[in-house]
Amino acid sequence: MSGFYTLLHKELLRFWKVGLQSICAPMIATLIYLFIFSHILEERAQAYPGVTYTAFLIPGLLMMAMLQNSFANSSSSLIQSKISGSIVFILLSPLSYMEIFVAYVLASIVRGFLVGAGIYLVILIFFDMPLQSLSWVFIFALIGNGFLGVLGIIAAIWAEKFDQLASFQNFVILPLTFLSGVFYTIHSLPPFWEGLSRFNPFFYVIDGFRYGFFGISDVSPYFSFMIVGICFLAVSWVTLRMLKTGYKLRQ
Amino acid sequence: MIPAIEVKQVYKNYGPVVALVGIDLEIEQGEFFALLGPNGAGKTTLINVLAGLTLPSNGVAKIMGHDVAKNYREARRIVGVVPQELVFDPFFSVRETLSIQSGYYGLRNNDAWIDEILHHLGLRDKENANMRTLSGGMKRRVLVAQALVHKPPVIILDEPTAGVDVELRRSLWGFIKRLNRDGHTIVLTTHYLDEAEELCGRIAMLKKGEIVALDSTKNLINNVSGYLIRLRLSSETLPSDLQPLLESYAEGCFILKVNNYSKIESVLAALRIEQIRVLEMELMQPDLEDVFVKIMGNTKNMGSV
């Protein structure tokens, strides 16, 4: 077990040592988004009755920042060590593939939580945010960060170069997050796009997370939890298979 | 006794490229063993298979009886590998790197041993330097140190002295020899054949993914090349009996080739019968480089080894 703790500790240290860019930078970017969008759209849009647009936007932006950072954490750590070659030190060690998997995913979750908590604390200074159910907020933050942490591992194992990883991020992760209802409720969409959004797992992460704040959501949080849970288990299974068979890492 | 390393019919191909062709190899505990061969012969691939960095396409490899694929955790715990590439984690200092590496093996309080490794590898004054700031030779030392943090009974070094100055080479081999005396099995690859000749008890030579020679260093040198005798004689001509042994004639000296020491006696006897006096005689030992060049250059000779 202590081998696992070492790897987890190393993964935490890795982003902690560059905290300015791994935690502060995404916090600032998200807060800028929030101030601009809320300034422009506050008077013009309303998603849920009785909820200001800014308040509606906050959980979406929070979750978006967390998802991007949990993905960035596992994927950049792995691709860097893959390309620099220093991944051999992990591959040579007696760590099991399960330990490697859990350590990377946990580190991603921690980074996501730190970014999310940082943003949330700043927001509390400026805005009045309801909090209906801390448990749902926590559960969706946990599973959302975990899901993206796992996706980050898959992307980094698959990618052979930095630009391949970047295209995974730009063509898969970014559209899925932006089109998941961060900025709008999917009920406001034309039927076709609303239907399509229901195939986007990120939609359920954000919708459930938002439920925790307002007690209102597009679909039931239990249903969202089930969908995201299934997605998480599915990508975890794929990743564990990849690690076990040595796909691209031990060829 | 369980062999330190056991390789049975290991094949590895990368698509159409064949890297290893049915390697069979057994290395006993406590050996100092060299894997030699030109670039691309498959040395590193074989080491990667032993280290679990590459899964073989076919065949079985075991470290102290542990299958490197099936019992990978046990196998990796008892082997330490110095990779050929100069790789490092730029986030950490030398000491951090070594304590993290110890941690991977479940070793928490490893400072005493880390101190000892740092001392023997001349890294004491660099222990708090970030890995990025080290020179190539220093990074190489850290790689060696990382392979040793868990005191592995089997140590595999893939070209540990490539691009390393003479001083480090000496101190490194001194340290490795000490570990070997303490019972560690050492397997190395190198392009410096004098190193292999001096250090290693047994040698395997690889060519195009196959073992083309496998024997003790002594036998390899003896059997493949024989000896050369340089003779200056009182006569200008060589007795006809000795003509078949003649390798070359230069500056008034005959160079004869004999397979073993007993043959020297018959050469001298032949000269005595012809009443030729020996004015000067030098016995030239072939070295590993001669053996290497011969084996790599001439496939036919391989059968005799």
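## A walk through chain A and its partner

Let's start with chain A, where 81% of the contacts with a separation of 6 or more link residues 24 or more positions apart. Two residues count as in contact if their C-beta atoms, placed from the backbone, lie within 7 Å. Keep in mind that this is a predicted model, in which local features need pLDDT of at least 70, side-chain atom pairs count only at pLDDT 80 or more, and totals for chains, interfaces and linings use all residues. Residues are numbered from 1 along each chain as its sequence is written, while chains are lettered from A and ligands numbered from 1 in the order in which they are written.

What is chain A built from? It has ten helices and zero strands. Helices (H or I, at least four residues) and strands (E, at least two) are DSSP runs, numbered from the N terminus. The radius of gyration of chain A, taken over C-alpha atoms, is 18 Å, close to the 18 Å that the globule rule (2.2 Å times the number of residues to the power 0.38) gives for 251 residues, so chain A is as compact as a globular protein of that length. Buried residues make up 45% of those 251. Here, buried means 20 or more other C-beta atoms within 10 Å of a residue's own, exposed means 12 or fewer, and partly exposed is in between, with C-beta atoms placed from the backbone.

Now pick out a pair of helices. The axes of H3(A), residues 53-84, and H7(A), residues 162-178, come within 12 Å and cross at roughly 165°. That makes the two roughly antiparallel (over 145 degrees). Axes are lines fitted to C-alpha atoms, for helices over the stretch in contact, and angles run from 0 to 180 degrees between N-to-C directions. Among the residues that meet here are A:Phe71 from H3(A) and A:Leu165 from H7(A).

Follow the chain past H7 and you reach A:Phe183, in the loop between H7 and helix H8 (191-197) of chain A. Is A:Phe183 buried or partly exposed? It is partly exposed, with 18 other C-beta atoms within 10 Å. Leaving aside neighbours within four places in sequence, A:Phe183 is in contact with A:Leu57 and A:Gly60. A:Phe183 and A:Ile58 sit 125 residues apart in sequence, yet 9.2 Å apart in space, C-alpha to C-alpha.

Finally, meet chain B: 23 of its residues are in contact with 22 residues of chain A. On chain B's side, the largest share, four residues, comes from H3(B).

Definitions and conventions: Parallel < 35°, antiparallel > 145°, perpendicular 65-115°, else oblique.
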